[in-house]
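Let's take a friendly walk through this protein model, one region at a time. Keep the structure open beside you as you read.

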Amino acid sequence: SFNVDLIITDSPSGCKDTASVTIFVDDEIRIVIPNVFTPNGDGTNDGFVIEIKGGKDAEGTIFNRWGQVLHKWDALNVTWDGKVPNGEAVSDGIYFYIIKVTGYNGKVLDVPGNVTIVR
């Protein structure tokens, strides 16, 4: 945590005023990963949206049940639309991911899991 003070002086009168605040810096990695999404074009829950806080770098891979790579990324806070690189939509089902996040604190977090697609 950091204490920050702002001291202001009025030029004509010489009056001073002080404002203080404590800033807390949280260096822990936080990841929000949904377990299902519905890429059916209705504008609601159409993407697999991963939200990462406290991360400096992230990379991830999504696989089908046979271990084939369907989607890869190398960025924070990404969205997968349920399509393979050639633009073809994958079928309903369960897909697996591995996400690796490096935090500002130098810690590395590996997160395996699965997501279900329902169209």
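Which residue in S10 is the bridge partner of Thr61? The residue is Ile98. Please bear in mind that this is a predicted model.

## Strand S7 and its partners

With S10, strand S7 runs antiparallel, and eight bridges join the two. The pairing of S7 with S8 is antiparallel as well, over four bridges.

S7 and S8 also make a hairpin, with five residues between the strands. If you look into the turn, you will find Gly67, whose phi is positive at about 85°.

## The nonpolar core

Next, the core. The largest nonpolar core contains 20 residues, and Phe48, Trp80 and Tyr95 have the most contacts inside it. The top contributor is S10, which gives four residues.

Leaving aside residues up to four places away in sequence, Tyr95 touches Ile62, Phe63, Asn64, Leu70, Trp80, Val90, Gly113, Asn114, Val115 and Ile117. Trp80, listed among those contacts, is itself one of the core residues with the most contacts.

## The largest pocket

Tyr95 turns up again in the lining of the largest pocket. The space in this pocket comes to about 170 Å³. Along with Tyr95, the lining is made by Asn64, Arg65, Trp66, Leu70, Val90, Ser91, Asp92, Gly93 and Ile94.

What is the make-up of this lining in nonpolar, polar and charged residues? Five are nonpolar, three are polar and two are charged. S10 gives the most here too, with three residues. Asn64, Leu70 and Val90 are among the lining residues, and each of these is also touched by Tyr95.

Finally, let's go to the start of the chain. Is strand S1 (residues 2-9) largely buried or in the open? None of its eight residues is buried, so S1 lies largely in the open; buried here means under 20% relative accessible area.

S1 is joined by eight bridges to strand S2 (residues 16-23), and the two run antiparallel. Within this pairing, Val4 stands opposite Val21 in S2. The S1 and S2 hairpin has six residues between its strands, and Gly14 takes a positive phi near 80°.

Notes. Residues are numbered from 1 along each chain as its sequence is written. This is a predicted model: local features need pLDDT of at least 70, side-chain atom pairs count only at pLDDT 80 or more; totals for chains, interfaces and linings use all residues. Side-chain values use heavy atoms; hydrogens and water are left out. A nonpolar core is a set of buried Ala, Val, Leu, Ile, Met, Phe, Trp, Tyr and Cys residues joined through side-chain atoms within 4.5 Å. Buried means under 20% relative accessible area, exposed over 50%, partly exposed in between (1.4 Å probe, protein chains only). Contact means heavy atoms within 4.5 Å. On a 1 Å grid over the protein atoms alone, a cavity is a set of points where a 1.4 Å probe fits but cannot get out, and a pocket is an open set with protein on both sides within 12 Å along at least five of seven lines; lining residues have an atom within 4 Å of a point. Grid points are joined across faces, edges and corners, and a volume is the space filled by probe spheres set on the points. Ala, Val, Leu, Ile, Met, Phe, Trp, Tyr, Cys and Pro count as nonpolar, Asp, Glu, Lys and Arg as charged, and the others, Gly among them, as polar. Two strands pair if DSSP finds at least two bridges between them.
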